[in-house]
Amino acid sequence: MAETPAEPQIDCELQPLSNTLSEPQPQLYPLSEPQPLTQHDTLPQPLPQLLPQPQPDTLPEPQLLPQPDTLPQPLPQPLPQPDTLPEPLPQPDTLPEPQPQSEEEVKPWVWTRHRRPLLFLLGSSFCASILGLAYYSQQHLPPESTPPASPPCTSPACQRAAARLSVSVDPFSQPCDYFLFACGSEDASLSTRGRQRGKGVPLHPQGHKSREAEKERRRGRKERETDTDRREKAPADRMPDRQTALLLTMREILEAEDRSIPGNSAKQKACMFYRSCMDTGPTETAGPEPFLRLVHKLGGWAVSGRWNQTNFNSTLSLLMRDYATFPFFSVYVGKDPNDTQADKRYIQIDQPDFQIPIEWSSKTQKSKANTQILRPFLASYQRLLALLGFPSSSTGLHVGLFISLSSELAVAASPLQHRLQQGLLYQRITIKELQVRVYVYTLSPAIDWLGCLQATFHPHPVSQSDHVLLHNLPYIVHMSRIIDKWLNKHELSGSGPLHTFMVLSLLHTVIPALDSRFTQTERHFSLALGTTGEDVPRWRQCVLQTEKGFDTVLTHLLRETTAYTEAEELIQNIYSSIKSKLPDLRWRDEETRMSVLNKIRSLTPRLSTKNYIFSEAELNQLYSKVTIDEQNYFSNYIQSLSLQHQRPSKLFSQTEGDDIWSITPFLSGNELVFPMGMFVQPLFHPTYPRAVNFGVLGSLMAKDILHLLLPNIHSQSVSPRSIGECVWSQYLGVTEGPGRVGAFSLSPAQQQEMWVQYSALQIALQAYNQSLKKYPGDSSLSGLSHTHLFLTSFTQINCDSDPYHEFMPFEPSFLVTVICGYSDLCPMTLTCPNKPQQHLLGTC
């Protein structure tokens, strides 16, 4: 294969895509985008069979085409660069007129005698010339002059994608302004993009206010969006973030289900549950009565004056088993990161999510209730009790005891970072040892650990010899002492503070299923705390709540819509491109290089399909005892709570991350697993042109893999630094002029992220070219095809869909400008008429 001439270099390592493979690979050019000439290519031979030659027995005819000796000949030497290539043959409408001949050369008798043959030959010659010129033009016109020859995609999914493209700006029609919008800029939309030069250009990293605070503020603004009919939070020309895309897919599945299906099927029950959640009318009409009836089933409570003195451990076990409520400690199932058995999962016991706001003192190494917000906290619970029908005059004592007990429990709670530093996470212990140790410290078995855990995970067997993982043993001991103390306060035995604490914890759990006055009260308290009161769209709440009880059903439905063949092809192409690219990096040493490459080569990428798949009959049997009433969402909600811990086969054997809401790849042993939740619209669809799938999801997947497998690449290779600085110099050259190149430096995290995102785009483009070589018949969309469509689709990815976007000082779509600054793969050169192009310093 002919070698590609070396590009001019600066202190950057990444080469054009044709040089990133470990072995030379032929460059791929789509059918609708002809190959540019290289140094060792030659122009095609003339096409004599299309150009009629004059016959010896006829008169010479007027020459409408250049003589054969004037046509381009094959050149023995390498051709000049594309900008110096000879001009193509003139078009038919610009052909030179034939020169008039003198009277002596054209005799009337000759013209008369040969008029018909001459006319015939002239017509034939002209037609052949047109055909030859058309063929030559088709083969040698620049790519930007060639209309896409690919067939258009007309599927419903493509029609929606085309609608989004129709309102977006083609980056190749407005190259100067399109890429200058920064990810952190506010109010960025189609109308403001390209007008961010003043406030969108990032400052020196030290001049930024906290990006995390900015991230939280933007998230708060998004969550206040109240238009529940709006299907995407991103502008019309942008992709939603991946989590939103998955939720929207689930919404469509639940809303499209045929209601004619018998209501006893698991699928129909899941859809009925979702519809009962969306229909708020019956919930508003019911008011607090559903919760009051539930409290009565639990034996009442002292707040109402009717309480039958229920047993503490019996009530606690019931709340944990049937209502997913954990008043004093939280329980869940998960992996031990220190366990070599990748699929082994353990019961984990942690401190609860406290309802009372607490603050951590680094000086005393203790938590305490925030006194400044105790008053709004008190007012909030008085309001909730008033909504239940109990006036504040009769609830002051109970709310006061609730706050006092909450404050005492919170003292031993500690933030995650402190527990990590103190080694308090993942402490393995048997249930019997836990019971004995707590008893030794407290001299009182306040909590029946075995009984509570057996009730929670019934019918999964739990024994004293089973191991559990503790995440804050000091809190567990402290909590047991507090519970024992309050159980033995005989003066409070009639008011039942511990029972009231548990019932109010249950109220907190079921508020989403009560009327809007309860949710508004919670929101007002969140505002009093200084946090954002989330106003999540109703459809989003309902999809998430449906998943809690019907996750197995939704997983089944998602599997039915997943295009396995196309998804697997995308996975294999992207991973193959990554493996071919990494050897060309500049590593710190050979040992590091071989360690990374061996790790990459040892992994097997696959789509997440290995978990046990329930048949429809098994699903129906699993949910046979569930009864859904579309007019009683509270009852449906309570059933979904009890279903959450009744999936023992799923809870204790499921691979971590391999669940319905996973949207990024993860490692499982020697496998790199890609969850099905990644392959949803509008990020991916089997009918999309491959250019869209590779440009959008392919580039996201490449970033995910690089982040997962090379989390500290900056310490292993010098490439992230040099490439990051190169790309950053290009950006400063465009936004501030060549004189500002290198004016600011990047942090190591920013250099690494810039390398990751730039490399991911190159990887996805290289993978697409390899796929196009194998399947050249890729379709088009909105008149765009192949590389043009790939890059345009890439620019639609929303900044917020990337969890690492805080390290990117500009919108990732600017990377298209960098690639097109040197690559001949782009449909046209990205040049700005009013700006000099000296800022394009060369290959990054």
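Predicted model: local features only at pLDDT ≥ 70, side-chain atom pairs only at ≥ 80, totals over all residues.

User: Noted. How many helices and strands are there in the protein chain?

Analyst: There are 30 helices and 11 strands.

User: And what part of the chain is buried?

Analyst: Of the 844 residues, 51% are buried. As for the accessible surface, the total is about 39,300 Å², and carbon and sulfur atoms hold 53% of that.

User: Let's look at a sheet. What is the strand order in the open sheet of three strands?

Analyst: The order is S9-S11-S10, and the pairing is mixed. S9 (604-607) and S10 (666-668) are the edge strands with a single partner each, so one side of each has no neighbour in the sheet. On average, neighbouring strands are turned by 35° against each other, ignoring direction.

User: How do S9 and S11 run, and how many bridges join them?

Analyst: S9 and S11 (residues 671-674) run parallel, joined by four bridges. If you want a pair to click on, Pro605 stands opposite Leu672 in S11.

User: Which helix lies across S9 and S11?

Analyst: That's H20, residues 564-581, which runs at about 155° to S9.

User: Nice. Switching to helix pairs: at what angle do H9 and H17 pack?

Analyst: The angle between H9 (residues 289-297) and H17 (residues 497-510) is about 145°, and their axes are 11 Å apart. The crossing is right-handed.

User: Which residues meet there?

Analyst: From H9 you have Phe291, Leu294 and Val295, and from H17 Val503, Leu506, Leu507 and Val510. By class, that contact has seven nonpolar residues, with no polar and no charged ones.

User: What about H25 and H29, how do their axes cross?

Analyst: They cross at roughly 35°, and the axes of H25 and H29 (residues 786-794) come within 7 Å. H25 passes H29 in a right-handed crossing. On the H25 side, the residues involved are Ala691, Val692, Phe694, Gly695, Val696 and Ser699, and they meet His786, Leu789, Phe790, Ser793 and Phe794 in H29.

User: And by class, how many are nonpolar, polar or charged?

Analyst: Seven are nonpolar, four are polar and none are charged.

User: Why is H10 largely enclosed?

Analyst: Because eight of its 11 residues are buried, H10 is largely enclosed by the rest of the structure. The buried residues are Phe312, Asn313, Thr315, Leu316, Ser317, Leu319, Met320 and Asp322.

User: What do those buried residues of H10 pack against?

Analyst: Their partners are strand S3 (330-335) and the helices H15, H16 (473-487), H17 and H23 (633-643).

User: Leaving aside neighbours within four places in sequence, what is Ser414 in contact with?

Analyst: The contacts are Gln351, Trp360, Ser367, Arg419 and Asn472. Asn472 is 58 residues from Ser414 along the chain, yet their C-alpha atoms are separated by 8.2 Å.

User: Time for backbone checks. Where is there a cis peptide bond?

Analyst: One joins His458 and Pro459, with omega about 10°. Pro459 is in the loop between helix H15 (449-456) and strand S8 (467-470). The bond from Gln681 to Pro682 is cis too, with omega near -5°. Pro682 sits in the loop between S11 and helix H25 (690-709).

User: Why flag those?

Analyst: Because most peptide bonds are trans, and most residues other than glycine have a negative phi.

How values were computed: Residues numbered from 1 in each chain as written. Heavy atoms only, no water. Pairing = 2+ DSSP bridges. Helix = DSSP H or I, 4+ residues; strand = E, 2+ residues; numbered from the N terminus. Axes fitted to C-alpha atoms, helices over the stretch in contact; angles between N-to-C directions. Contact = heavy atoms within 4.5 Å. Left-handed = near helix turned anticlockwise from the far one by under 90°. Nonpolar A, V, L, I, M, F, W, Y, C, P; charged D, E, K, R; others polar. Buried < 20%, exposed > 50% of the residue type's maximum accessible area, 1.4 Å probe, protein only. Areas by Shrake-Rupley, 256 points an atom, 1.4 Å probe, with all protein chains shown as cover.
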